[in-house]
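Here are my notes on the structure, point by point. Please read them with the model open.

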Amino acid sequence: TLCHENNIWLVLDHTYEDFLHDSVSSKNDNDPFDRTQYFPQLDNIIHIFSMSKGYAMAGFRVGYVVLPSERVYDAMLKVQDTIAICAPKPSQVAAMGALQLQVEDGKDNDWVSNRVQTLLQGRDAILKSLKPLPQTLGGSGAMYLMAQLP
């Protein structure tokens, strides 16, 4: 609301949205996390999403934005029209395929959630092996860890 009250644009990067865990729950039916309480739909917020992490499409350079109005969309098109590059067609087709696989027959098939759970098992094994070290940081959200060596 601070940005809204002061007419400031807030751009939120949701690249790691599927990796919210530990202190903040991951998004799935068994453990709901209502993002709207943290990211309200106000007319000064732009949400940016990437296919690179949750859908394992790093390097494909595909993502999407959620905009508050058609006015913002029109303004973004003015900037985009001056850029002569975009994600390659095969990357775009692969991204559409990934989204369609995620929601088949009108229901979420949990492909991303299952993949994240597999990664979390690996993360937990690494954290367990680092437990004897004096201090470890990270492991929540992204998969980055730092450890203090003895």
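1. A term before we start: two residues are in contact when heavy atoms of theirs lie within 4.5 Å. Keep in mind that this is a predicted model.

2. Overall make-up. The protein has four helices and seven strands. Read from the N terminus, their order is α-β-β-β-α-α-β-β-α-β-β.

3. Burial and surface. Of the 150 residues, 23% are buried.

4. Contacts along the chain. Take the contacts between residues at least 6 apart in sequence. Of these, 55% join residues at least 24 apart.

5. Helix α4. This helix covers residues 111-130, 20 residues in total. From first C-alpha to last, α4 reaches 29 Å. That is close to the 28 Å expected at 1.5 Å a residue.

6. The buried side of α4. Which residues of α4 are buried? They are Val112, Ser113, Val116, Leu120 and Arg123. Seen down the axis of α4, these buried residues fall within an arc of 80°, so they line one face of the helix. The background is simple: an α-helix has 3.6 residues a turn, so residues three or four places apart point the same way.

7. What covers that side. The cover over the buried residues of α4 includes α3, residues 89-102.

8. The opposite face of α4. Turned away from the buried side are the exposed residues Thr118, Gln121, Lys128 and Ser129.

Terms used: Residues are numbered from 1 along each chain as its sequence is written. This is a predicted model: local features need pLDDT of at least 70, side-chain atom pairs count only at pLDDT 80 or more; totals for chains, interfaces and linings use all residues. Side-chain values use heavy atoms; hydrogens and water are left out. Helices (H or I, at least four residues) and strands (E, at least two) are DSSP runs, numbered from the N terminus. Buried means under 20% relative accessible area, exposed over 50%, partly exposed in between (1.4 Å probe, protein chains only). The expected span of a helix is 1.5 Å times one less than its number of residues. The arc is that of the directions from the helix axis to the C-beta atoms.
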